[in-house]
Amino acid sequence: MSVAFNRERERTRAAPAAEEEKSEALLLNILPEPIAERLKNGEQVIADAYSAVTVLFFDTVGFTAAAAGMEPSRVTVALDGIFSALDDIADRYGLEKIKTIGDGYQAVAGAPVPRDDHAEAAADMALAIRDEMAGRPFGEGKLEMRIGIDTGPVVAAVIGKRKFSYDIWGDVVNTASRMESQGVAGRIQTTERVHNLLEETYDFETRGDIDVKGKGLMSTYFLEGRKSPTGPGAFLD
């Protein structure tokens, strides 16, 4: 049996494995790993209820106006840089990116893998985004952003047949979106539910009641940062 024949046989055997690895990599770019595994194992309908997650929305301020005078390639590079930075921060704090919507970004803590510290994880991500994006060049000026956060129950599911998508639904999703869209440039706006979960370990500024579209008057807060360590064992600079 010739050496050439043996090489060709090995190449033929390796081809299906390489294609399978490529398909799996593509699937993991679309779906969270635990969800992709369930899909590969034959689950036909993937839908789960989560009693407690925290949802984060990020959006740029004045993006449309700033992008209007930019070449498409510059807009693409700028957005890619922003979203890549957000992806890195999401990985750092263990949030799951759900989707990008234009120049907006949505992520969740506590799904598809439940975690007790979902609110803390989302708050830490929001603070990291604020620090990362502060003064970032964009177009002829500097990038400004808004972030909104809410916490509560959601339903998460895989939808679509030709193009899979992992998405979440629930009042918390809509409210987090409103916290962002009716927020203030450069600030992280949260609901009272988030404030009540985190007030012992994070500093907030009370914004007061605002008329939230579809919700009516809601008490809202600006997340400022983690509280400074105090008490026995704390270290001072």
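Me: What makes strand β1 (residues 47-60) a partner of β6, and in which sense do the two run?

Reply: Keep in mind that this is a predicted model. In it, 12 bridges join β1 to β6, and the two strands run antiparallel. Pairing takes at least two bridges, so β1 and β6 count as a pair. If you want a spot to look at, Thr60 has Met145 in β6 as its bridge partner.

Me: What makes β7 a partner of β6?

Reply: Bridges again: five of them join β6 to β7, and these strands run antiparallel. The cut-off is at least two bridges, so β6 and β7 are paired. Ile159 sits opposite Ser165 in β7. Between the two strands of this hairpin there are five residues, and Gly160 there takes a positive phi near 95 degrees.

Me: How many bridges join β6 to β8, and which way do the strands run?

Reply: Three bridges hold that pairing, and here the strands run parallel. With at least two needed, β6 and β8 count as paired. Two places to check: Gly148 is opposite Gln189 in β8, and Ile149 is opposite Thr190.

Me: And what makes β10 (residues 216-226) a partner of β8?

Reply: β8 and β10 share three bridges in the antiparallel sense. That meets the requirement of at least two, so they are a pair as well. Gln189 turns up here too, opposite Phe222 in β10.

Me: Which residues of β8 (residues 188-191) point one way and which the other, and are they buried or exposed?

Reply: Ile188 and Thr190 point one way, Gln189 and Thr191 the other, and all are buried.

Me: How many residues of β6 are buried?

Reply: 12 of its 15, so by the cut-off of under 20% relative accessible area, β6 is mostly covered.

Me: Which residues touch the most other members of the largest nonpolar core?

Reply: Phe58, Met125, Ile129, Met133 and Ile147, out of 40 residues in that core. Helix α5 gives the most to this core, with 10 residues. There is also a second, separate core of 19 residues, including Ile35, Ala36, Ile98 and Val154. Back to Met125: setting aside neighbours within four places in sequence, it is in contact with Leu56, Leu86, Ile89, Ala90, Tyr93, Leu95, Tyr105 and Ala107.

Me: What is the volume of the largest pocket?

Reply: About 370 Å³. Its lining has 16 residues, and the closest to the centre are Asn29, Ile30, Glu96, Lys97 and Ile98. At least two lining residues come from each of α1 (3-30), α4 (72-93), β2 (96-101) and β7 (165-169).

Definitions and conventions. Residues numbered from 1 in each chain as written. Predicted model: local features only at pLDDT ≥ 70, side-chain atom pairs only at ≥ 80, totals over all residues. Heavy atoms only, no water. Buried < 20%, exposed > 50% of the residue type's maximum accessible area, 1.4 Å probe, protein only. Helix = DSSP H or I, 4+ residues; strand = E, 2+ residues; numbered from the N terminus. 1 Å grid on protein atoms, 1.4 Å probe; cavity = no way out; pocket = protein on both sides within 12 Å on 5 of 7 lines; lining within 4 Å. Points joined across faces, edges and corners; volume = space filled by probe spheres on them. Core = buried A, V, L, I, M, F, W, Y, C linked by side-chain atoms within 4.5 Å. Contact = heavy atoms within 4.5 Å.
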